[in-house]
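Here is a short briefing on a protein structure. Keep the sequence and the 3D view open while reading.

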Amino acid sequence: MMELFVPSKTSMKSPEKIARFSSCRGVAFEMKPHSDPFAGPPPLFVDGRRGSNRFWLPWNHQDASFRVYPSDPSERSMSMRSSHFCDLDDTDENDFEDDLTDLEKGSFVQDEKEQKLVPVSFTSKCEQPAKVAKQKESRLSIILLDQGLFTVYKRLFMVSLILNIIGLVLAATGHFPYARRKSALFSIWNIFALTLCRSEVFLRVVFWLAVKVLGRSWVPLGFKTATTSLLQSLGGMHSGCGVSSVAWLVYALLLTLQNRENTSPEIIVVASTILALLCLSCLAAFPLVRHLHHNVFERTHRFAGWTALALLWAFLLLTISYDPNSKSYSNHLSSRLIKQQEFWFTLAITALIILPWVTVRRVPVKVSASSGHASIIKFEGGVEAGLLGRISPSPLSEWHAFGIISDGKTEHMMLAGAVGDFTKSLVSDPPSHLWVRKVHFAGLPYLINMYERVMVVATGSGICVFLSFLLQPCSADVCLVWVAKGIEHNFGREIKGIVNEYPNNKVIVHDTAVCGRPNVAQLSIDAAKNWGSQVVIVTSNPQGSRDVVNACKAAGIPAFGPIWDS
């Protein structure tokens with residue numbers, strides 16, 4: 001058994017009171033109190049190197065010693081409690097429910113005497129933390145209020161919206177007669193654009209092209225990072241075009257009502273219903289509603305969108321076949337329909353929406369769980385590194401996206417942290433079959449292939465999106481920092497074995513069950529500089545991702561993490 005060296009209990013003052021320092025999901029680890037809540041213990045000196053209580057923990061060890069990764073222990077990264085799959089630790093479920101939105105600060109005490117080093121086993125725990133006052137802060141506030149005013153997402157939203165507002169103003173003032181005549185077409189254009197921004201098939205092609213074209217050593221790093229920011233934030237364009245489609249349809253409906261003698265009541269009713277459905281979709285996608293009532297958002301967005309698309313076809317057929325002179329509908333529809341731009345754009349929208357559903361299948365799965373905190377779901381068939389997949393127990397009601405772990409050969413699997421009703425049911429009542437979409441989609445991890453040297457940072461179950469890069473040949477030189485609690489107990493020997501087989505000099509594993517919670521942001525900066533990484537990509541809870549990304553950027557290292565609309 002590998003041995004770690006930590007300060008002996010006799011070298012530290014005994015605290016009068018013990019309390020928890022919790023991570024986002026109410027996971028506790030213990031630390032000792034100190035008069036200064038932000039103070040930390042002085043650094044350890046191991047093998048002549050200045051270190052801290054953050055341990056480099058590769059499991060393949062050839063000697064009895066260990067390596068201490070140098071970093072500044074004066075700050076501790078603190079995240080709020082939430083049911084996020086990337087939270088660092090796991091604890092009693094009742095504690096989690098009681099303190100879901102609380103943030104507890106930890107503090108330390110350090111004896112002035114020189115510390116003694118004593119060996120402890122890999123499964124031993126570090127010293128226990130002291131209880132301190134809770135600071136309440138909701139995860140929702142991090143997601144909604146702490147994103148910055150000028151993120152790429154918001155810039156794309158504003159650019160899309162402002163361009164459409166300019167077009168509307170020009171059309172309303174008579175300076176853009178084409179838009180005035182074709183205002184409904186402009187609404188359809190925006191619906192087509194927002195559908196493209198969310199089409200998993202289309203984006204798979206775009207991400208593939210980005211990697212193939214820009215994944216070359218002579219392409220400037222700044223151009224690669226700008227492309228990564230753009231592709232990650234296409235949801236801003238999706239939202240901007242959604243609001244713009246409503247604005248153009250309102251304008252088209254107003255023009256129709258002003259000239260109602262040349263249209264039919266049926267056209268007005270259908271157009272008004274489409275407008276109501278689009279407004280409902282926009283309201284359901286409002287960030288506050290989306291995060292507090294995600295199932296409501298998902299189902300409203302899906303079924304309102306499908307209904308609006310069906311009514312859009314009815315609207316096209318009615319408007320194209322209606323003859324204002326005879327006040328009747330023409331039977332010669334097909335020859336007129338194919339000449340209209342509205343028809344072709346609506347056809348493209350329909351194809352983009354239907355295509356992913358054509359690939360939906362119910363497939364056999366093997367579900368295993370080494371603990372109640374996470375499950376491993378196995379499927380047949382190898383998958384390319386960096387892709388994500390969707391699974392569902394009921395395809396019309398809910399879909400869940402997970403990173404895919406695969407060696408690219410015979411099978412792939414997903415690691416699902418048990419944080420919601422569905423993921424908890426995978427542990428308590430493992431299914432024999434699940435619904436899947438055969439077309440896997442590309443996300444931020446896929447863009448790792450665009451760089452030469454990348455450091456990936458994961459907390460908890462967030463490791464799943466990166467493990468394929470440890471199993472498959474990759475154009476990028478990938479190094480890993482993983483912070484989690486009870487690695488083998490919570491994630492199983494199979495996941496541990498994957499990390500274990502990767503070269504030790506490219507892996508840092510910090511088990512919070514052994515060493516307490518580290519300052520993940522500072523650990524990431526130190527590791528990125530040590531490895532000479534071009535970019536850092538992190539998968540953590542909202543505050544953890546924000547802390548790492550902001551800290552790395554402040555240190556001059558490009559960094560990316562999931563955004564709230566990822």
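Predicted model: local features only at pLDDT ≥ 70, side-chain atom pairs only at ≥ 80, totals over all residues.

Residues are numbered from 1 along each chain as its sequence is written, and side-chain values use heavy atoms, leaving out hydrogens and water.

**Sheet**
- Five strands make an open, parallel sheet, in the order 23-22-21-24-25.
- Strands (E, at least two residues) and helices (H or I, at least four) are DSSP runs, numbered from the N terminus.
- Two strands pair if DSSP finds at least two bridges between them.
- Strand 23 (507–511) and strand 25 (559–560) are the edges, each pairing on one side only.
- Strand 21 (residues 453–459) pairs with strand 24 (residues 535–539) in the parallel sense, over five bridges.
- Val454 stands opposite Val535 of strand 24.
- Helix 16 (residues 487–500) packs on the sheet and touches strand 22 (477–484) and strand 23. Contact means heavy atoms within 4.5 Å.
- The direction of helix 16 makes about 165 degrees with that of strand 22. Axes are lines fitted to C-alpha atoms, for helices over the stretch in contact, and angles run from 0 to 180 degrees between N-to-C directions.

**Nonpolar cores**
- A nonpolar core is a set of buried Ala, Val, Leu, Ile, Met, Phe, Trp, Tyr and Cys residues joined through side-chain atoms within 4.5 Å.
- Buried means under 20% relative accessible area, exposed over 50%, and partly exposed in between (1.4 Å probe, protein chains only).
- The largest core has 65 residues; Ile377, Ile391, Ile448 and Trp482 touch the most other members.
- Beyond four places in sequence, the contacts of Ile377 include Val365, Ile391, Met413 and Leu434.
- Another core lies apart, with 22 residues, among them Ile188 and Leu312.

**Cysteines**
- The structure holds zero disulfides (cysteine sulfur pairs within 2.5 Å).
- Cys241 is buried at 6% relative accessible area. Its sulfur is 5.9 Å from the closest cysteine sulfur, in Cys197, too far for a bond.
- Cys282 is partly exposed at 30%. Its closest cysteine sulfur, in Cys279, is 6.5 Å away, too far for a bond.

**Helix 13**
- Helix 13 (residues 341–358) has 18 residues and reaches 26 Å from first C-alpha to last, close to the expected 26 Å. The expected span is 1.5 Å times one less than the number of residues.
- Its buried residues include Phe343, Ile349 and Leu352.
- The buried residues of helix 13 pack against elements including helix 5 (183–198), helix 11 (294–321) and strand 19 (433–437).
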